[in-house]
Amino acid sequence: MTRDSQMVWDDCLRIIKKNVSPQSFKTWFEPIKPVQLDSDVLTIQVPNKFFFEWIEEHYVQLLKKSIRQELGEKARLVYHIPENGTADFTQPKANKSDGGHSADKDNEPVPGVFDAEMIKNPFIIPGIKRIKVDPQLNPHYTFENFIEGDCNRLARNAGLAIAKRPGGTAFNPLVIFGDVGLGKTHLAQAIGNDIVSRIQDKAVLYVSAEKFTNQIIQAIKNNSVNDFVNFYQMIDVLILDDIQFLSGKQKTQEIFFHLFNQLHQNGKQIILTSDRAPKDLEGMEDRLISRFKWGLTADLQSPDLETRMAILGSKMEEEGVDLPQDVLEFICYNIKNNIRELEGVMVSLLAQSTLIRRDVDIDLAREVIRNFVTTINKEITVEFIQQLVAEHFNVPVEKLHHETRKRNIVIARQLSMYLAKKLTNKSLKAIGEQFGGRDHSTVIYSCKAVQDMMDTDLIFKDTVEEVEKKLKMSLNN
Ligand code: ADP
Ligand code: MG
């Protein structure tokens, strides 16, 4: 009796079954259909390209072994990936050479199938004929209310460019990274919202890396990894938030790696956020990190005072609240690093003022902020003065310690000494020591120089008063 493809494959499966876990067998081998046997060439049909890649990467040796056992040393395997009913035959790497197999491959695109009707996924909105994906976006996060500043210009503009032409720019993937509370989620979602509002037929999906991981775990449990992968392959713009969460999660990374390749190859846009630079992601596969660097990596920095004020001002306006300008300035002056904290202060300030019916003024703001900022210096220090003056004059603070004739540095140093004398209890000698070990007479000379300049130069006088106000505004008093 001559054996047909089904019989040969069944025999192969018996061998394979002994060598893989029941879960893997179910996931990766049961869906395979033998389609043709031509002397020693067996053709098997796999559901899609992802499947093909996965098998090639993980089970190629096993497949080779089993098919040779069944059909002899010359046996060959051909994959069939169906697309719109037309046959497409793909030679597996295993047939080409033994040593050429590499996990990080960039082989020719192989068309796969996306059987949308079969997809079961919680993101699908049922009852709509054409598959429509609920993008899971928060409509509140837009470009309009994402204030631009030096701290986010690159990332924001890249985001705008992507929103205009998703998948069509060099920024693929876009990796937005920055500390917590600096606007990564807001910006990533703004891109999504912008696309959704203008381009109806793009499937946009926002998902946190945590949720993504849980979905994979569920899919593995329910034996529906295929559905999961199929679903994600349909997405045109994938926003994966907080990818640092994938650290150390090998299985998730593996699936994501293949998904990434598939999407990227098909010109789909990928947007990732991370709380650290890709190169600093520990427990992340190198091949993934190298993919992250394909596009643009843009960081979000802490916003400067003006940007913080613009952000808080716009939030207040959105809330319909009229915050006195000096209170706004006071809050932004003191909450430096984190925009979420800035909002937190604002919310509790408004809550306090309604509850105890007090006007929102600097005193109330000071009380509220004290609950937010854990490290408050009780007094103005020389370091703090140096820092603030250097910032104001736009010179590096360490220059204040060194010998230099540069006029703006000399003035910044003299002004720092003057303010240190005026606003701290330190002795002239102690102040001098904090300026690169100068003696007390230098400090006296500086104080006099500043006083003279203030008497003759009204603009300089304004500057001094402004810096002094900033110092007093700070929590340090
Ligand atoms: P991350 O994801 O980086 O932790 P979020 O995107 O959640 O930070 O931002 C924290 C808060 O700060 C959000 O309410 C967000 O709207 C706000 N925010 C951050 N950057 C800006 C900005 N440039 N303009 C307006 N609001 C901002
Ligand atoms: Mg976030």
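The largest pocket of this predicted model has a volume of about 520 Å³. Pockets were located on a 1 Å grid over the protein atoms alone, as open sets of points with protein on both sides within 12 Å along at least five of seven lines, a 1.4 Å probe fitting at each point. Grid points were joined across faces, edges and corners, and the volume is the space filled by probe spheres set on the points. The pocket is lined by 28 residues, of which Tyr141, Gly183, His186, Lys315 and Glu343 are the closest to its centre; a lining residue has an atom within 4 Å of a point. Helix H7 (184–198), helix H12 (305–319) and helix H14 (339–355) are the elements that give two or more residues to this lining. The greatest contribution is that of H14, with 5 residues.

Residues are numbered from 1 along each chain as its sequence is written, while chains are lettered from A and ligands numbered from 1 in the order in which they are written.

The protein contains 20 helices and 9 strands, taken as DSSP runs (helices H or I, at least four residues; strands E, at least two) and numbered from the N terminus. Of its 477 residues, 51% are buried, where buried denotes under 20% relative accessible area, exposed over 50% and partly exposed in between (1.4 Å probe, protein chains only). The accessible surface comes to about 23,500 Å², and carbon and sulfur atoms account for 50% of this area, as computed by the Shrake-Rupley method with a 1.4 Å probe. With contact defined as heavy atoms within 4.5 Å, 73% of the contacts between residues at least 6 apart in sequence join residues at least 24 apart.

The mean pLDDT is 84, and 87% of the residues reach 70 or more. Over residues 84–130, pLDDT stays under 50, and the model has 98 contacts beyond four places in sequence for this segment. Where pLDDT is low, the predicted coordinates should not be read in detail.

A total of 18 salt bridges was counted, the criterion being a side-chain nitrogen of Lys or Arg within 4 Å of a carboxyl oxygen of Asp or Glu. In one of these, Arg14 pairs with Asp11, the closest N and O atoms lying 2.5 Å apart. Both residues belong to helix H1 (residues 5–19), where a spacing of 3 residues separates them by about one helical turn. Arg14 is exposed at 53% relative accessibility, whereas Asp11 is buried at 19%. The two residues also take part in a network of salt bridges that links Arg3, Asp11, Arg14 and Glu70.

Asp452 is partly exposed, with a relative accessible area of 37%, and Lys448 is exposed at 52%.

The salt bridge between Arg438 and Glu403 has its closest N and O atoms 3.7 Å apart. Arg438 lies in the loop between helix H18 (428–433) and helix H19 (440–456), and Glu403 in the loop between helix H16 (382–393) and helix H17 (407–423), so the pair ties together parts that are 35 residues apart in sequence. Arg438 is buried at 13% relative accessibility, while Glu403 is exposed at 71%.

Backbone geometry was also examined. Most residues other than glycine have a negative phi, and most peptide bonds are trans. Asn394, in the loop between H16 and H17, has a positive phi near 60 degrees and is exposed at 70% relative accessibility. The C-alpha atom of Asn394 is 9.1 Å from that of Asn408, a residue 14 places away along the chain. Phi is likewise positive, near 60 degrees, at Asn223, which is found in the loop between helix H8 (209–221) and helix H9 (225–233) and is partly exposed at 29% relative accessibility. The peptide bond from Asn172 to Pro173 is cis, with omega near 5 degrees; Pro173 is situated in the loop between helix H6 (153–164) and strand E5 (174–178).

How values were computed: This is a predicted model: local features need pLDDT of at least 70, side-chain atom pairs count only at pLDDT 80 or more; totals for chains, interfaces and linings use all residues. Side-chain values use heavy atoms; hydrogens and water are left out. pLDDT is the predictor's confidence in each residue, from 0 to 100.
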